[in-house]
Amino acid sequence: MAVHFRRAGSGEPLVLIHGIGHRHQAWEPVFDRLAAHHEVIALDLPGFGNSPVPEAGMPVDMAATVAGILPVLAEWGLDRPHVAGYSLGGAISLELAATGAVASATAFSPAGFFTPAERRRALTILRMLRVNSYLPTPIMRAALRSAYLRAMCFAPLVARPRLLDADRALGDALALRRGLGFSAVARAARDYRFDGLRLADATVPVTIGWGDCDRVFGVHQAERARAGLPAARVVTLPGCGHVPMSDDPDLVAALILETTGAAPRTDRPDRVGREHHFTE
């Protein structure tokens, strides 16, 4: 399976996995920070970014998605790498941790903790963003030069959309338009729910970070992750949205590095001044 990626740095490998409709450039705000400590591989999932749809078609469910990624990691010579992901990529990271195939997993706003109604709402938001991406490219390019219009377009995904520059915003919109795997992944999400019991006996360090301004899934879903994953660390990310790398790259990078063991752990308060622990 052909998978496009960016690779840099040295040290223990760290694989970065994006969300539905996005591309590996979503990790640009934190890539260099992470590459100072790890060999970092940011990939384009099959059917997204510059990775084509597999010849056999898109995976039909999460199990098939994970089964397709494992040979890719092996082909790259990665033996139990660290992984980090958000949204769809966050769910994939947790699934990889449940198989014991990774050394650690950091998941930001991972899919799989929603109710059916919340899943439908999230997919509706993402589909509407994709519909808007089909505007003629020259019109989108001109519109996204406006900080105000960028804020309107990207507010569902990030809490601080004005931090996005026009070129990156246009690239993200075009990636959403060209993501041939979008519909298949959206269909596969209909019956998906992460089974926390499969992580119950895992020794893999797991951290879940959830932006308190997440408009796609909602930070309340972190409570379900906390209840379902007693061995994991769950942290609220203040001032961050669904794609937190753009909102607070320092915090996102620090949380990943704490999970991989490249940086000492720092106690991080949630919205009401308490650390999120499953033992509470």
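**Spaces, salt bridges and surface**

Author: The largest cavity holds about 360 Å³ of space. This is a predicted model, in which local features need pLDDT of at least 70 and side-chain atom pairs count only at pLDDT 80 or more, while totals for chains, interfaces and linings use all residues. Residues are numbered from 1 along each chain as its sequence is written, and side-chain values use heavy atoms, with hydrogens and water left out.

Reader: What makes a space a cavity, and how many cavities of 30 Å³ or more are there?

Author: On a 1 Å grid over the protein atoms alone, a cavity is a set of points where a 1.4 Å probe fits but cannot get out; a pocket is an open set with protein on both sides within 12 Å along at least five of seven lines. Grid points are joined across faces, edges and corners, and a volume is the space filled by probe spheres set on the points. By this rule there are 4 cavities of 30 Å³ or more.

Reader: Which residues line the largest cavity?

Author: Lining residues have an atom within 4 Å of a point. There are 27 of them here, and Ile 20, Met 62, Leu 88, Val 185 and Ala 189 lie nearest the centre of the cavity. At least two lining residues come from each of α2 (62-75), α3 (88-99), α4 and α8 (182-188); helices (H or I, at least four residues) and strands (E, at least two) are DSSP runs numbered from the N terminus. The lining divides into 22 nonpolar, 3 polar and 2 charged residues. Here Ala, Val, Leu, Ile, Met, Phe, Trp, Tyr, Cys and Pro count as nonpolar, Asp, Glu, Lys and Arg as charged, and the others, Gly among them, as polar.

Reader: What is the volume of the largest pocket, and which residues lie nearest its centre?

Author: Its volume is about 440 Å³. Of its 23 lining residues, Leu 129, Cys 153, Phe 154, Ala 173 and Leu 176 lie nearest the centre. The elements giving two or more residues to this lining are α4 (116-132), α5 (137-143), α6 (147-154) and α7 (166-178). The lining of the largest pocket comprises 15 nonpolar, 7 polar and 1 charged residues.

Reader: Why is the contact between Asp 32 and Arg 6 called a salt bridge?

Author: A salt bridge requires a side-chain nitrogen of Lys or Arg within 4 Å of a carboxyl oxygen of Asp or Glu. The N to O distance for Asp 32 and Arg 6 is 3.7 Å, so the pair qualifies. Asp 32 lies in helix α1 (residues 28-35) and Arg 6 in strand β1 (residues 5-8), so the pair ties together parts 26 residues apart in sequence. By this rule the count comes to 8 salt bridges.

Reader: Are Glu 258 and Arg 233 buried or exposed?

Author: Buried means under 20% relative accessible area, exposed over 50%, and partly exposed in between (1.4 Å probe, protein chains only). Glu 258, at 10%, is therefore buried, and so is Arg 233, at 6%. These two residues form a salt bridge, with the closest N and O atoms 2.9 Å apart. By contrast, Asp 32 has 55% relative accessibility and so counts as exposed.
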